[in-house]
Amino acid sequence: MLGKIQRNMKSNKTKVSISKSSPRSSRSSNSVKSVQRDQLENHLADLLNVHAIKDYCPNGLQVQGKPVIKKVVTGVTASLALIEAAIQEGADAIVVHHGWFWKNDDVRVVGQLHARLKLLMDHQISLFAYHLPLDLHPRLGNNAQLAKLMGWTQANGVSSVGGGSMDGLIWSGKPSPSQKNLGQLARSLASRLGRDPLVVGDLSRPIKNIAWCTGAAQGYINEAVSMKVDAYISGEISEPTYHIAQEMGVAYIAAGHHATERYGVQALGQEIAKKWGITHQFIDIHNPV
Ligand SMILES: [Zn+2]
């Protein structure tokens with residue numbers, strides 16, 4: 001998920017890494033190797049339950065490109081660097097977690113948006129974005145995929161934030177057997193996400209129950225406290241988060257907004273490749289936040 005403030009950090013040494021998932025090797029020679037753009041949008045809307053989720057950005061097709069899609073590139077954020085990399089790789093569509101047109105954005109097509117939009121439209125690439133629907137999905141979502149990566153098991157359902165309309169936003173469960181204390185949990189996050197987390201709490205503290213929500217969900221730390229967990233893990237941290245953690249007796253780990261949200265969109269891309277026999281490529285544009 002994305003916090004209230006979206007900042008664009010520009011680096012002159014953008015790191016890009018790419019992973020590919022090929023269509024099923026067992027597919028028959030006459031299997032579909034392309035998909036209609038509208039067919040893909042309808043399928044993803046159903047799969048991710050888009051119409052039932054209230055969000056502060058449009059979920060689905062945000063920018064219309066060519067009508068037939070053979071290659072999809074996925075990424076965390078629809079940044080200029082991701083669009084440039086997708087063009088290099090010959091993508092017909094880009095699918096991201098963080099798209100454009102957020103609720104309080106300037107609606108004028110100037111500056112940063114103009115540069116991104118012009119490049120995308122000049123190459124007739126479609127942009128699909130799934131924000132909360134991709135956080136919430138019980139199998140393909142960011143929380144589900146982070147748990148899979150970390151070896152966490154989900155227990156006792158999920159919290160209800162926002163009167164039930166956002167069920168599934170905060171997950172709770174058990175850490176993997178090798179993550180017995182806060183230090184071990186932090187080191188496991190560092191090695192699996194490739195990024196050192198910021199940790200609040202005593203590293204020797206035993207960890208039996210955890211809660212987690214990917215991205216900028218530090219604002220839900222009180223919900224995590226009410227779930228009576230030993231540690232709460234999200235992506236970012238704010239100044240008050242430190243004091244809440246210390247005073248309410250919960251450990252807090254900021255494991256990276258980008259780092260924790262790489263996995264839902266990759267799982268979605270693999271799902272698309274498998275269903276339609278099209279090519280999928282995940283492109284990781286480095287973001288230290
Ligand atoms: Zn996010």
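The model is predicted: local features need pLDDT of at least 70, side-chain atom pairs count only at pLDDT 80 or more, and totals for chains, interfaces and linings use all residues. Residues are numbered from 1 along each chain as its sequence is written.

The protein has 10 helices and 14 strands. Both are DSSP runs, numbered from the N terminus: helices are H or I runs of at least four residues, and strands are E runs of at least two. Of the 289 residues, 45% count as buried. A residue is buried if 20 or more other C-beta atoms lie within 10 Å of its own, exposed if 12 or fewer do, and partly exposed in between; the C-beta atoms are placed from the backbone. Contacts were also counted (two residues are in contact if their C-beta atoms, placed from the backbone, lie within 7 Å). Among contacts with a separation of 6 or more, 66% join residues 24 or more positions apart.

The core comes next. In soluble globular proteins, nonpolar side chains tend to be buried together. A nonpolar core is defined here as a set of buried Ala, Val, Leu, Ile, Met, Phe, Trp, Tyr and Cys residues joined through C-beta atoms within 7 Å. The largest such core has 82 residues. Those with the most contacts inside it are A86, I94, A231, Y232, Y252 and I253. Helix α10 (residues 263-276) gives the largest share, seven residues. Domain 1 (16-135 + 261-285) and domain 2 (138-255) both contribute residues, so the core lies between them. The domain bounds come from an automatic or database domain assignment. A86 touches V73, A91, I94, I125 and I283, not counting residues up to four places away in sequence.

Strand β5 covers residues 71-77. Six of its seven residues are buried, so β5 is largely enclosed by the rest of the structure. Two strands pair if DSSP finds at least two bridges between them. β5 pairs with strand β14 (residues 279-285) in the parallel sense, over four bridges. It also pairs with strand β6 (residues 93-98), again in the parallel sense, over five bridges. V72 stands opposite H280 in β14. In β6, the bridge partner of V72 is A93. From β5 the chain crosses through helix α2 (residues 80-88) to β6, and this β-α-β crossover is right-handed. That term applies if, with the strands pointing away from the viewer, the path from the first strand over the helix to the second runs clockwise.

K70 is found in the loop between β4 (68-69) and β5. With 16 C-beta neighbours inside 10 Å, K70 counts as partly exposed. K70 touches K33, S34, D92, I278 and T279, leaving out residues up to four places away in sequence. K70 and K33 are 37 residues apart along the chain, yet their C-alpha atoms are separated by 6.3 Å.

Helix α3 (residues 111-122) has 12 residues. From its first C-alpha to its last it reaches 16 Å, close to the 16 Å expected at 1.5 Å a residue. The expected span is 1.5 Å times one less than the number of residues. Just after α3 comes Q124, with a positive phi of about 50°. Most residues other than glycine have a negative phi. Q124 lies in the loop between α3 and β7. It has 13 C-beta neighbours inside 10 Å and counts as partly exposed.

L127 sits in strand β7 (residues 126-129). It is buried, with 23 other C-beta atoms within 10 Å. L127 touches Q62, V63, A78, I94, G99 and L120, with residues up to four places away in sequence not counted. L127 and V96 are 31 residues apart in sequence and 7.8 Å apart in space, C-alpha to C-alpha.

N222 belongs to α7 (residues 221-226). With 12 C-beta neighbours inside 10 Å, N222 counts as exposed. The C-alpha atoms of N222 and T241, 19 residues apart along the chain, are separated by 9.4 Å. K228 lies in the loop between α7 and β12 (231-234). K228 is exposed, with 11 other C-beta atoms within 10 Å. Although it is not a glycine, K228 has a positive phi of about 55°.
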